[in-house]
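The following note sets out several points for a colleague who is reading this structure for the first time. Please keep the sequence and the model in view while going through them.

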Amino acid sequence: MAANKSILILPGDGIGPEVMGQVRRVIDWFDNRREVTFNVTEDLVGGAAYDAHGTPLSDNTLAAAMAADAVLFGSVGGPKYDDAPRNLRPEMGLLRLRKELDLFANLRPALTFDALLDASSLKPEVIKGLDLMIVRESTSGVYFGEPRGIETLPDGHRRGVDTQVYTDTEISRVAEVAFDLARVRRGKVTSAEKANVMETGVLWRDVVTKLHAAKHTDIKLEHMYADNCAMQLVRAPTQFDVILADNLFGDILSDCAAMLTGSLGMLPSATLGAPDESGRRRALYEPVHGSAPDIAGKGLANPLACLLSFAMLLRYSFDLHEDAALIEEAVRNVLKSGVRTTDIMGPGAARVSTNVMGDAILRELDKQAA
Ligand code: IPM
Ligand code: MG
């Protein structure tokens, strides 16, 4: 039996705890099977942590995240916290984790499941076979740049400032991840920026071009303005393999890519740090969807994105590829059988609750393991 691997679970707010509850059942399933066991601890983040400790991420929780082999994150935020001071908003818990753990490479796959082709707002023929990966920089850019703030001018009007800033090393380390991923995928990187209007865009393009020429000429590199990339994503998304983008463009493009697949509720993500001497990377896994406060607590949430995030955790942090594949196969089969949460409902399918979707996954895992 493989040695214990430590996972810190941070369910967060909104639908986070509900979807994580189903993942816990799958983790228990693996534990009972006794081929690999996990040492799981759970803690608060986001609004839940703010309510309990007055901060969206306590120092203790941060220390636990630093010590864990991997962090599995649900979602944060909700209208209840709209008036909280900006530095204490639930989202800051997530941003601080990314920053303090130096998790700079946010991997967001978007792939279509054949059984869900009809759930997309695009025509099935446009999205069939879609399998792309967005690599989003996640510790810099306009999310963290200084100066920032809202000031009152002498004439009484107010002025808001954000700063978009990137260093060459911040660009090259995330570009490196994109090239390495493309090498084990279909060998193509599309780098998205706005070099036509932004200085950071000019630097981004230059750094990526030079890195490519120096080390990655086996990969096909293409540059695309970020707005055009958004347009191409809905026009002909299967042209893409790996899309590389900065923090803000990556945030936007990944929501767009997510929706191509028919549901945000299906998409997992991983955010990785740099490998240490032993090759181990700090890593956080989370569904791409948010806390969806409008449906929280109603049993309507789709747990599959969170479950697939756990599968990514098994793959990228623990090298448990067969176990990850077991989960991915279970998801495919359950979808094929016509079991659907509301967000991915289609004609003739059976609408089920969060919990019943969890039941279906466990039944399928039992079947595969038998
Ligand atoms: C995401 C989210 C976050 C972001 C929010 C919750 C801060 O939209 O992970 O894409 O903007 O990065
Ligand atoms: Mg986002």
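1. A292 is partly exposed, because its relative accessible area is 23% and the range for that class runs between the limits for buried, under 20%, and exposed, over 50%. The model under discussion is a predicted one. A292 sits in the loop between β12 (281-287) and α10. Its backbone also deserves attention: phi of A292 is near 40 degrees, a positive value in a residue other than glycine.

2. D319 also has a positive phi, near 55 degrees, and is likewise a residue other than glycine. D319 belongs to the loop between α10 and α11 (321-336). With a relative accessibility of 56%, D319 counts as exposed, because the limit for that class is over 50%.

3. A further backbone feature concerns a peptide bond. The bond from E146 to P147 is cis, with omega near 0 degrees. P147 is located in the loop between β5 (131-137) and β6 (149-152).

4. Next comes the surroundings of the ligand. Which residues are found around ligand 1? They are E91, R98, R108, R136, Y143 and D251. By class, this shell holds 1 nonpolar residue, no polar residues and 5 charged residues. Both domain 1 (1-111 + 266-370) and domain 2 (131-260) supply at least three residues to the shell around ligand 1.

5. Specific polar atoms can be named in this shell. In the side chain of R98, an N or O atom is 2.8 Å from an oxygen atom of ligand 1. For R136, a side-chain N or O atom is likewise 2.8 Å from an oxygen atom of ligand 1. D251 has a polar side-chain atom that lies 2.8 Å from an oxygen atom of the ligand. Ligand 1 taken alone exposes 320 Å², and the protein buries 75% of that area.

6. D251 and R136 are 115 residues apart along the chain, and their C-alpha atoms are separated by 7.2 Å.

7. The largest nonpolar core has 71 residues, and the members that touch the most other members are F30, F38, L107, V135, F310, L314 and V331. Which helix gives the most to this core? Helix α10 (residues 304-316) does, with 9 residues. The core lies between domain 1 (1-111 + 266-370) and domain 2 (131-260), because both give residues to it.

8. The last point concerns V207, which is part of helix α7 (residues 199-215). Is V207 buried or exposed? V207 counts as buried, because its relative accessibility is 12% and the limit for that class is under 20%. Along the chain, V207 and R148 are 59 residues apart, and a distance of 26 Å separates their C-alpha atoms.

Technical notes: Residues numbered from 1 in each chain as written. Chains lettered and ligands numbered in written order. Predicted model: local features only at pLDDT ≥ 70, side-chain atom pairs only at ≥ 80, totals over all residues. Heavy atoms only, no water. Near = heavy atom within 4 Å. Polar contact = N/O pair within 3.5 Å; in protein donor to acceptor, adjacent residues only side chain to side chain. Areas by Shrake-Rupley, 256 points an atom, 1.4 Å probe, with all protein chains shown as cover. Nonpolar A, V, L, I, M, F, W, Y, C, P; charged D, E, K, R; others polar. Domains from an automatic or database assignment. Core = buried A, V, L, I, M, F, W, Y, C linked by side-chain atoms within 4.5 Å. Buried < 20%, exposed > 50% of the residue type's maximum accessible area, 1.4 Å probe, protein only. Helix = DSSP H or I, 4+ residues; strand = E, 2+ residues; numbered from the N terminus.
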